Structure formats: structure tokens, C-alpha cells
Amino acid sequence: MATALVLPEGAPEEVITVSKVRDVDLTPFGFKGLLALITMDNGLDHTRPNTLGPQSVASLDAAITEALSRKPAAIAITGKPFIFAAGADLSAMSFLTERSQALAIGKLGHDVFRRLGEIELPTFAFINGLALGGGLEIGLHSKYRTLASTAFTALPEVFLGLVPGWGGATLLPKLIGPEKAVQVIILNALNNNTMMKAKDAHALGVVDAVFEPADFLEKSVAFAASVLSGSTKIERKDYSNDPGWDLALATGKAAALKKFGGADIASPRKALELIAASKSCSNGEGFDAEDQTLADLVMSDPLRASLYAFNLIQKKRKKVEGAPKSNLARKVTKVGVVGAGLMASQLALLLVRNLKCPVVMTDIDQERADKGVAWVRAELAKLVEKKRMSAESAQRLSLLISGSADKSVYAGCDFIIEAIFEELSLKQELFKTLEEIVSPECVLATNTSSLSVEKMSEGMKNPERVVGFHFFNPVAVMPLLEVARTSHTDDATTATAVEVGKNLKKTMIICKDAPGFVVNRLLTRFMGEITDAVDEGTDPATADNAMRSIGFPMSPFELLGLVGPGVALHVAETLNKNLGPRYRISPTMQAMVKEGVKTFYIKNEDGTFGANPAAVALIHKGTTPSTAEQVRERALKALAEEARMMLDEGVVATPAEIDLCMLLGAGWPMHLGGILPFLDREGISESVGGQRFHAPGIASVLK
Amino acid sequence: MTRTVVLVDAVRTPFGKSGSAFVNTRADDLLIRAMRGLLERNPNLPLDQIDDVAIAAATQTGDQGMNIGRSASLLAGLPNTVPGYSIDRWCAGALTAATTVAGQIAMGAIDLALAGGVEHMGNHPIGELMDPNPRYLAEKIVDPDAMAMGATAERLHDRFPSITKERADRYALNSQIKTAKAYEQGLIQRDLIPTAARSEELGWTIVSVDEGPRPTTTMEGLAGLKTPFRPGGRVTAGNASGINDGATIALLASEDKAKELGLPIKAKMVTFAFAGVEPEVMGYGPVPSTIKALAKAGLKIEDIGAFEVNEAFAVQVIAFLEHFGIADDDPRVNPYGGAIAVGHPLASSGVRLMINLARTFESHPEIRYGITTMCIGLGMGGTVIWENPHFTGGNK
């Protein structure tokens, strides 16, 4: 029998999921016998799902022993309303200092869960609601599984930098075969942590039966009785000689490489190793390997950084650091968007979908305004076509959006966001014009990426209502919103902007109005080092690939292709002007913009990507090339230096906000913790600024 | 009546003792479970052809509110084209739901309907949110005893001194014995829908039998019980029904529709009647309602071969039997026992009587007519007369 572990010092107290046993007489279901039914319940409502810390696992262990003592015909396990179990309690993991502790956690889970698979009795998991990670693994150890038709399931471990190490990596491939196991464990996890709907889980063979929630437990018990009586037979396939292993593993590997820009990241690699081993190993051998892998990962800095990043994202989604009290926010019942180009139209769509209030757009002539409105309506129609929106909702929203060439339509607006050409004088003029039309309280927001918001508000009657409101492209997808306060911006304006951002379901940071805010400032500095190296004579491929192993989602030149040299150059010029010559203006980029060359890479006829000869021809070739190591070092040092300056200048208050920005605004991976934990563990923070950004033990293993 | 109304099928949840099996289960969830159980065992029933859903509850707030007839239909997964309504006649709620949809069917307004009732007396104690008009007492419109059901039962003992406490206890014991025997033979379980129940402390289980029955009851045990409604009274927890949680549901149809869809016919409705009496002796209600119904049907009490009388109190059943000259232990009466044993979740009980009568009809083709009857708070009775579709032309 397993014994509970002692939590490491500093770890939060475990919220214990208690497992209790009750008898269910199967006679009314057509089988003479008793089902011992275990309920897992942490005593809190569905907003605090069951989790599995050491004491919870020990409680399950005791419940299995208790269930066996009742001499049942079978044992089943289910959860509390709406929740089965949301997986291992990760809160203590960040505090482990010894590998032996990490190993013990893995072993404890195995020791208890495997009983469900190894005792002679039939065992059932009645997965009544959300089952993630260790929760689903309890189901995988059980011999049969039913699932509520509304329940979501997943093995998100690889998303978090772990492996399904309580049996999942071994049991799932044996149950459903390599191809589908790779889908669930690798592809789903890497695809933004995609969860399975019940019908998908059933189709993949993860569960044996799906029942509606209204009488899920009754139907599940009836299913168990029918299995016991033999009237239902569940066939299991042996996949050990399946021809799909190599292809499945290769597919998983390719997906991981793609996700991390070509880097070979530990958690998907190790998960694939465990999956591969399951082809021929026994369950016990698989579980032992899982224990070792889990311990290695848990004691690694990338995993600690991942957990830090995950918690940071969860926390900041709900609470905006430095936001004024929300009761200061003014009601927003009519919104204006200035401009009707693609960016403005995207904003209008996002606003009308989420605020569901009138949204008015303007442009320099009616034709352009109409085009913007038409684009929004067409996007709404697409959503209806894809069955992601009802026709009625689309109808409602289509009628809320309107366009004009006359700015007087902004009268009555509570919030206006401008997305016109990035030219300071134009924006200054615009805000002065708007002031004549709207009330003094109407918030005037700008989606500028690099211009000074403060300067935009100069000479205005009410500069306190001006705020930066910077989205990332594509605005519907990217979760970050930078809210920039000038020295005049008042609390009511900021609170209103934050409230609008919340309604748009964005995660926000509030930063000082400083050039490039956070994400563009860091990205541009970083990119500048790469283009500079190329301009100095470094081979473009060497420069571009210098950071492949880190795991950024795309290389610098891939990113440049996405942003477009025109925009990148414009931002670089602005930052050069405002922040100084460390923001370099690349002659190569200038040439590319001049010649209309948009990308460094082009798709070859065979589908692979290669250097774009048109771009290569434009490279300004210096005579002082760098090695890949030198490029990597200078780029990372530039990041550390710039981040330190931003903190010193008070652009944001804490390093965590910088990390949040890079995670959500640049899509940088969790195993870097955003970026600063990575710079800390590489020693770059200290070599540049003489100090770490985060104390040892935060987003790293305390040594 | 222009069209014959038939009972196609009826089921119920097990009845729990309040504060026990269903303590953390919602009333509407009990009802939904019964509804889904009924639909599941009648796969020939096209859901979109259900014309109406009538659901009774004596307290229509909280988990028994929101027009539970409509709300439970949506939650049970009926198509949203099926309408529903709520109905209330206190203890005779489900009985009235059945007679009301029968009226709709008989006049040709509808062909198929669900009728049932639910009462979670743990969530909704009897008298919850009641606000009796002060005129009741000020103007002596009712006797104060009328407001407490136990007191009305004591008043029946007063009115009929031949009904002693000992006689009431013996009736109650017999009810327990009959129920225990029916359980042993698996007769009651046939129409119970096993129902999931969760206790916050104990976790989930499946309830598949009634919690109320006390098969070990003895006369000595009953004799020693307190009389909570009066010092030296006769009404005890042992010779009265309990405080219960449960739900029932029946499917009624026009005979033609049932035949068209190949649905079973368990009973044919002959007629029904409701009648009033002095509120302080509400338990006497079934007497005038039965007289009225028999007269409408052109039948005599001798024509009735099976009786399902709700056992709110033993005294009230005995008063009914005594009026019609039927022995306390007549085998035609409540052959599977009654509410004293299995419980009486107020508005749901009417359909439980139909469930039992239908089973009696099935196993007794020599019986032609049966009645379901019950007393109703504030002085009423309700009676439905049914004809046995299995009748083969025996004596009665």
C-alpha cells in the first residue's frame, strides 16, 4: 500500500480529493452482485476541479482497499458533479528540490492507479465530467471506461512540458494504437492543448461508451452490469505488431519540431520515446520508465519555467496587474473604429462580436468605409457557414456595424479606437477632430505599435481620455493586449479600456507609454541583432538558424516574412529615433522595402522552403561575419539588456509582465518561461546586468 | 366522453426518506430520471408526438418551480416542440395531472400526454411558504385542525369511534407486510427506475428500492409510538405515511393512438370525480368522490374488483372501507401495500396508485373494474375508475 508523501517546504497545502466508497446493488440492472462505487470529491464546487496530490492519491488507494474489502463483483470510480479529475496537483511540483521527491510522486501515482488495472476484478471508470492528465490516466488503468457526452478529456502533459507519466504514455498506445496515441499525447497537446470532445474520445477508442449526462451514472452502471453478465463484450486489439508505429512516431516528431521552430524539445521527445517503448514493453517496465522520465523533467529548469508560465497566464487572465478599480470604468454602449482597412476591420469584427453594441467605422470615402463594413459582414457569414455562429446572431451583429465617410457618426460613442496610417501628425489631427464630436468622457484609444501616445494627446482639451490599446496580429487570435498609459491618462480611462479588453477576452498588461511598449520593443531589438549580423557579412542561414535549438516558434526571418519588411522597418525607424542607435536600421531591409521584396524565404516547387534569391541579392554584405554562437549570444544579450532597461524605466512593474507579453504577444514558448527565466538559466541576465530577473527557484530548480 | 383514454405505462423513482437517499438530489432531477426511464421502456413512442406534459407539485418554487412541466421536459431531452405545464391539487396532484390530460384527450384536443408528479419534501417541507388568509380563523371558515394533516386524521378517529388506534395500527402493520411480500416477489421493483443519488458526505450511489418500508414492524412496536398531534391521540408515525422524496410519471393516450403506435394498454379510464368535505376531516374525501364517480360510471361498489387507496393515514383508509362495507384486510385493497410502507411524496402519489392498479389488472384478468382514490388536504377526495383491458369475462 502506498503512503502519503510529505510536501516540500513552501508548497501550498494540498486541496485533498477524498475518495469514498458506496455499494450499488446491480440486481435491478440484470446482474446479481455488488458494485463498489468510488466517488472522488474535493468538497468544492465545479470551479475548483478535483486534483490529485499525494494525499488525494493516498485517499484513492485507501478507497480501493475499502472497496475490495466489500467483496464486490466489480469496482467503479466516478467524480463529483461536472468533474472527474483535472489531473495531478502541480502546485507542489515547483517546490521540489530533490530528484527522489519527484521520483516518489511518479511512483505513488503508479502504485495506486495500477491497482485498478491489476486487481482481478473488472474495474470501470465512469468519467462523468472533465478528465485531464492524471484524471484520464485513472480511466486508462481501469479496464473499462464510460464518458459523459458533454465531458472534455485530454492528456495535456506535453503542453506543460511533462509526459503522461502516471501510465498514460504506456497504456494509451497499447489501448488505441500508436497513431491515435500520438494524436492525443503529442499532436493535441502541441496544438494549443486541444481537448477531446466525447465523440472524438469514443471514435479514438479512448472510452468504450458515451452516455448523456442526464442519466450518465445509471447508464454507466447498466453498462457495467452488461459487461459483467457478458451481454456486452468489449474487444481489445493488440497493437504490438501494428504497421503504423514508425509513421506515427515520425508524425509526432515532425509536429514537435514544427511547433518549436526546429528545436528538439525534451517533453515531446521523451513522450515519444515512452510511446515507442510501449510497443514491446510490459506495463510495469513502461511505468518504471515513466517514473524516471517524469523525475528528469520535473527536476529540469524548462519544466519549472513552463509551470511558471502556465500559472502566470492563468493568473493574469483574470487579474490585470496595476489596473484601477473596475467600478471606475464607464459604460460602453457605442464604439467607434477609425479607419476601414484590414486592421480596422478586424478590430471592428472583434468589437462587435464581443461587445454586441453599435460599432461605427469611417474612412476617407464612403466606398472604403463600405468595404470595411462588407468585410466584417462577410466574416460573420463565414462563421455562420462554419456553424460557429447562429444566423440570428450574425444578423444581429451585421446590423450593429455601419460605415461612413463622415466622422459625425462618432457622436454618442463611449470608446473609439483608431487604426489609421502610422503617422503621428495624422493621429494628432484625428484626435482633435474627434474631440469636437464626442463627449469629454469618450475614451480615445490608439492601436499604434510604436508611436508616442503622449504626443498624440498633445494640445487636446482632454488628454486624460487618451490611451494606447495595442493588439497583435491576427487580433482575433492573439491573446495579448498592451494598454499604455500616458502621463495624462486618468484612472477612469484606463479602467474603461481594461473593461473593454476583458470583454474582448484579452489578457492585458498595463504599461507606460514608451516606444514599442513591450513586445515590439523586445522583438525589434532582437531582430535588429540578426539583421545587423547579416549586414555585417554573416551568412543569412547561419544567422537565422543560430537560435533554432532554443524553441522559438519561428526563426527571425520567418517572423520578418510574417510581419512584412515594411512594418518592421517602420517600427525599427521609430524606435531608432526614440530609443537610440542600438535600434539599427538595416540597409538590407531598406533595400527590400524599396524593391518590394517581402520575404527571405520562398516555397520551392517541391514544397520545401528555401532562400529567396531576390532577397539574397539585396543583402548588404559587410566583411565582419559572426559565427552562429556569436549571433545567438548577441541577440540574447540584447534581449537581457533591453528587458533590464524597461524595468529600470518602469515600462512595466515586474519581470513577470515582460514574460507574459512574450508568451502571449510573441507566442514564445512556455519552456522559456516567456524569456526571462531562460535568460536567467543561461547566465545571460547576470553577464549583462549583473543580476537575474527572477530569484533562483522561481521558474527554475532551486539548487 | 367522446374518446377512450388509456394508461399506456407508468413508472416512478424509488421513494426516499427525506433527509436521506435523495438529500442532495434535486426534485427536478428525480422527475427527469422518471421521465427518461418511462421513455426508455417505451421505444415505440415518437417523442415529437407527445402533445403535452402535465406535472404536479404541491410546492411550486425552487427545484419544483419554473413551470416544472415545461422545465423538466426540456431537461429530460424532449423535443422543444413538446409543451408542458404545472398543476397542483396538493396530494392529488399527479392524479389530477392524469385526469386533466385525460380530459384533453377525451375531447380530442390531444392524443398523447405525460402526466406525473414530484415532491421533494426534504427540499420543500409541507406548508413551505404558505400564507393562510387570516379570515380562515377569524371567520371560522375552517376549524384550526384543518391546517395540520395529522390533526385531521385525529378528527376522523373522533368522528368514527369504531376506528380505534389498535385497528389503525393493525391496518398499518398489514400494509408493511403486504409491501414486504411484494418486494420479496419482485413485484414493486418492476416499475421503479433506478436513480443516481449523491450525498456530499458519502458520494454517489444508485437508489433502486424504496427507503420507507419497515418489514420488521410489529403491533407492539406500533403501540409504543408517540402521538405527536395530540396527547393521548391515535395517529402516529407508524400508522401514517412518511415524509418522502420521489417522482412519478405516466403516459396516457387515446385508445386509437395507442393502437396505432403499437403501445401497450395497461388500463382504460372509465371516469373520474373530485369532491369536497369539511376541511378538518379531509381524510373522508375519497368517500364522496367515489360515490360521485361510481354514479357517473353507472357502477356500484360491488362492481369494483381492485382498490388502490392512498394511505395518507390508516384511519382515513379504514373510514373509506367502513363506509363501503369492505373489511380492513380485504385482499382487493392495496394488495402491494401502500403509502404507509413505501411513502407519500405528496403530489407524486396519484400515479403510484395507477402503477399498482395496472399490475393488479395484468395479473387478474377476472377483475373488470378498479379505482384509484386519495384524500386531499383542505377537505377533498379524488377518484378515478379504470377498466381492465385484460378482462376476460370472469365474475367481476
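Residues are numbered from 1 along each chain as its sequence is written, while chains are lettered from A and ligands numbered from 1 in the order in which they are written. Because the model is predicted, local features need pLDDT of at least 70 and side-chain atom pairs count only at pLDDT 80 or more, whereas totals for chains, interfaces and linings use all residues.

**The sheet in chain A**

Select strands E4, E6 and E8 of chain A, which form an open, parallel sheet in the order E4-E6-E8. Strands (E, at least two residues) and helices (H or I, at least four) are DSSP runs numbered from the N terminus, and two strands pair if DSSP finds at least two bridges between them. At the edges are E4 (83-85) and E8 (153-154) of chain A, each pairing on one side only. Now select E6 (residues 130-132) of chain A, which pairs with E8(A) in the parallel sense over two bridges. Leu132(A) stands opposite Ala154(A) in E8(A).

**Where chain A meets chain B**

Next, show both chains: 16 residues of chain A are in contact (C-beta atoms, placed from the backbone, within 7 Å) with 16 residues of chain B. On the chain A side, strand E1 (18-25), strand E2 (34-41) and helix H8 (216-229) each supply at least two residues. E1(A) gives the most, with four residues.

**A residue in the core**

Move to Ile185(A), which with Leu252(B) has the most contacts inside the largest nonpolar core. Around Ile185(A), residues touched include Leu155(A), Val158(A), Leu172(A) and Ile275(A), not counting residues up to four places away in sequence.

**Helix H6 of chain B**

Finally, select H6 (residues 165-184) of chain B. At 1.5 Å a residue, its 20 residues should span 28 Å, and its end C-alpha atoms are 28 Å apart, which agrees; the expected span is 1.5 Å times one less than the number of residues. Buried residues (20 or more other C-beta atoms within 10 Å of their own, C-beta atoms being placed from the backbone) in H6(B) include Tyr171(B), Leu173(B) and Lys178(B). Their cover includes helices H7 (219-223), H10 (314-323) and H11 (339-342) of chain B. H6(B) is followed by Gly186(B), whose phi is positive, near 70°.

Technical notes. Contact = placed C-beta atoms within 7 Å. Core = buried A, V, L, I, M, F, W, Y, C linked by C-beta atoms within 7 Å. Buried ≥ 20, exposed ≤ 12 C-beta atoms within 10 Å, placed from the backbone.
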